[in-house]
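I opened this notebook to record strand pairing and a few local contacts. The entries follow the order in which I looked them up.

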Amino acid sequence: MAKETGRKLIAQNKKARHDYHILDTYEAGLVLTGTEVKSLRQGRASLVDGFGQLDGGEAWLHNVHIPEYTQGTWTNHSARRKRKLLLHRAEIEKLFQKSQETGHTIVPLSLYFKDGRAKVEIALAKGKKDYDKRQTLREQQDRREADRAMSAVRRRQRGQ
């Protein structure tokens with residue numbers, strides 16, 4: 001059997017980028033059981049309610065939904081159990097120091113396979129206020145309109 005290479009996206013948390021200011025991102029491994037890996041290989045997971053927590057010098061991922069493996073037996077996993085994150089000691093300490101500040105939290109951004117191993121991209125984030133969300137949407141809309149206008153000008157120039 002050939003060794004798996006590259007990056008295969010399983011799940012993405014698009015709402016996190018809408019609800020939080022992303023300050024710093026980290027790639028972490030996950031401690032999983034066999035049925036969890038099989039369920040992920042089927043491309044089934046949800047990061048919507050997920051969050052990270054530091055406890056006793058270890059990083060944990062809570063509320064990430066990996067559904068039970070359909071062909072699993074009594075050895076199947078529970079869908080929302082807490083899972084250990086594999087990070088370097090220095091990264092855990094840095095996350096711990098920054099997450100102690102008011103309003104900072106750890107959120108999962110994406111879940112993927114990298115060279116056959118399950119990885120999660122986590123971010124140190126600060127919650128956005130409603131007016132920040134509106135401003136971000138306005139900036140995106142302005143950027144889209146400017147891009148459309150530029151492409152229309154380019155099309156007209158090519159047509160001459």
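**Strand pairing and local contacts**

I began with strand β5 and found Leu30 opposite Leu85 of that strand. I note that the model is a predicted one.

Entry on β5. I looked up its pairing on both sides of the list: strand β2 (residues 20-30) pairs with β5 in the antiparallel sense over 2 bridges, and strand β4 (residues 58-62) pairs with β5, also antiparallel, over 3 bridges. For Trp60 I recorded Lys84 as the bridge partner in β5.

I then asked which side chains of β5 (residues 83-86) are buried.

Entry on β7. I found strand β7 (residues 117-127) joined to β2 by 9 bridges in an antiparallel arrangement, with Ala28 opposite Val120 of β7. Strand β6 (residues 104-114) is likewise antiparallel to β7, over 10 bridges, and Ile106 stands opposite Leu124. In the hairpin of β6 and β7 I counted 2 residues between the strands, and Asp115 has a positive phi near 55 degrees.

Entry on Asp19. I located this residue in helix α1 (residues 14-19). The Asp19 side chain makes a polar contact with the side chain of His18 at 3.1 Å. Setting aside neighbours within four places in sequence, I listed Gly127, Lys128 and Lys133 as the contacts of Asp19.

Definitions and conventions:
Residues are numbered from 1 along each chain as its sequence is written. This is a predicted model: local features need pLDDT of at least 70, side-chain atom pairs count only at pLDDT 80 or more; totals for chains, interfaces and linings use all residues. Side-chain values use heavy atoms; hydrogens and water are left out. Buried means under 20% relative accessible area, exposed over 50%, partly exposed in between (1.4 Å probe, protein chains only). Helices (H or I, at least four residues) and strands (E, at least two) are DSSP runs, numbered from the N terminus. Two strands pair if DSSP finds at least two bridges between them. A polar contact is a pair of N or O atoms within 3.5 Å; within protein, one must be able to donate a hydrogen and the other to accept it, and residues adjacent in sequence count only if both atoms are side-chain atoms. Contact means heavy atoms within 4.5 Å.
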